[in-house]
Amino acid sequence: MKMKNAEGDEVLVAEGQSRIWNYFPNLPIPNSPVFHLRPRSLFVLNWFRRGWMTVSGATLWVALAFAISNWFQPSLTDLSLQAVGLMFLRNLALIVIVAGGLHAWLWVMRCQGDKLKYDSRAMARNNGKFTFRNQVLDNMFWSLAWGVPIWTLYEVLYFRGVDTGLVMTLKFNDNPIWFILFFWFILLWKGFHFYWVHRLLHQPLYYRIAHSVHHRNINTGPWSGLSMHPLETLPYFSGLLIHLIVPSHPAHFLFHVYALSLNPALSHSGFDALLISDKRRLELGEFFHQLHHRYFECNYGTPEMPWDKWFLTYHDGIDKNTRNTRDRNKKMDAK
Ligand SMILES: [Zn+2]
Ligand SMILES: [Zn+2]
């Protein structure tokens, strides 16, 4: 069916989608332009500019990674409970500030009302599907009880390795170009790793035991990002192990950590962007992943990597993809 999106363009959307979506971006959703056979240089430049030259998730996490590695990382030369405890409290504070702050701004104080909000519904209450029958409390519980400890565990492993000299590090002067490019490669690696872990998580038995916890959220909020069963959180963060082999600066490692732990609060926020005085100040949601939460068997990866496109699991928001996805859902259910 054809209808006008928020920008006023006429697009083909899935049946019933207009009732589901309060807002949706321009469709079809573009995939990373970097892997096109004939990349259009302007599109690639624009894509880079939006991701890396403005205030974005990526640039915020780079700045935070340098700040934390310089000023808020205790030495783990002697593995003390106090140092590990400090790291845990630091991470707890970070997720409360980012996920809690966004939740308060967008969902409690409703500072931008329904503007740019994908799903028209509120967070679920009194719903037996969720722990404590409450979506926000459920999401906070799984994020704080499992997400933050497992995230801290990976950090302890890395920094203990660095501080005892077992893990090689990279300095800016060693190779300035690679030092900068490495931040972008981390996102590519994250997209590669996430796609394959995610496909595994969708195997029926694994899905039932673990991944279904994350998928309770069809309508997502900032706390949904890290709301996962520990059997999902462990492999989800395992892409960080690459830093034990490939020499990195602690800021590279922490950037990777924040792309996995804090960025999901933005990408699951349920809103396309943060508006301040009616201007888009920070890109938030990924409609690409929002479609995964709604239609399940599609968009396992991230828009940075072309896997979904190549393996025909890409849902760009239009009718035809919804039908293909429903066929895949039926096949998975029959297993
Ligand atoms: Zn999934
Ligand atoms: Zn998700």
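This is a predicted model: local features need pLDDT of at least 70, side-chain atom pairs count only at pLDDT 80 or more; totals for chains, interfaces and linings use all residues.
Local features need pLDDT of at least 70, side-chain atom pairs count only at pLDDT 80 or more, and totals for chains, interfaces and linings use all residues. Residues are numbered from 1 along each chain as its sequence is written.

**View 1. Buried residues of helix H4 (residues 81-108).** Helices are DSSP runs (H or I, at least four residues), numbered from the N terminus. Among the buried residues of H4 are Met87, Asn91, Leu94 and Ile95; buried denotes 20 or more other C-beta atoms, placed from the backbone, within 10 Å of the residue's own. After H4 comes Arg110, with a positive phi near 50 degrees.

**View 2. Crossing of H4 and H5.** The two axes (lines fitted to C-alpha atoms over the stretch in contact, with angles from 0 to 180 degrees between N-to-C directions) come within 9 Å and cross at roughly 130 degrees. H4 is therefore oblique to H5, since angles under 35 degrees count as roughly parallel, over 145 as roughly antiparallel, 65 to 115 as roughly perpendicular and the rest as oblique.

**View 3. The largest nonpolar core.** This core (buried Ala, Val, Leu, Ile, Met, Phe, Trp, Tyr and Cys residues joined through C-beta atoms within 7 Å) has 49 residues, and Trp61, Ala65, Leu254, Phe255 and Tyr258 have the most contacts inside it. H5 supplies the largest share, ten residues. Leaving aside residues up to four places away in sequence, Phe255 touches Trp61, Val62, Ala65, Phe183 and Ile186, a contact being C-beta atoms, placed from the backbone, within 7 Å.

Key
Chains are lettered from A and ligands numbered from 1 in the order in which they are written. A residue is buried if 20 or more other C-beta atoms lie within 10 Å of its own, exposed if 12 or fewer, and partly exposed in between; C-beta atoms are placed from the backbone. Helices (H or I, at least four residues) and strands (E, at least two) are DSSP runs, numbered from the N terminus. Two residues are in contact if their C-beta atoms, placed from the backbone, lie within 7 Å. A crossing is left-handed if the near helix is turned anticlockwise from the far one by less than a right angle, and right-handed if clockwise.
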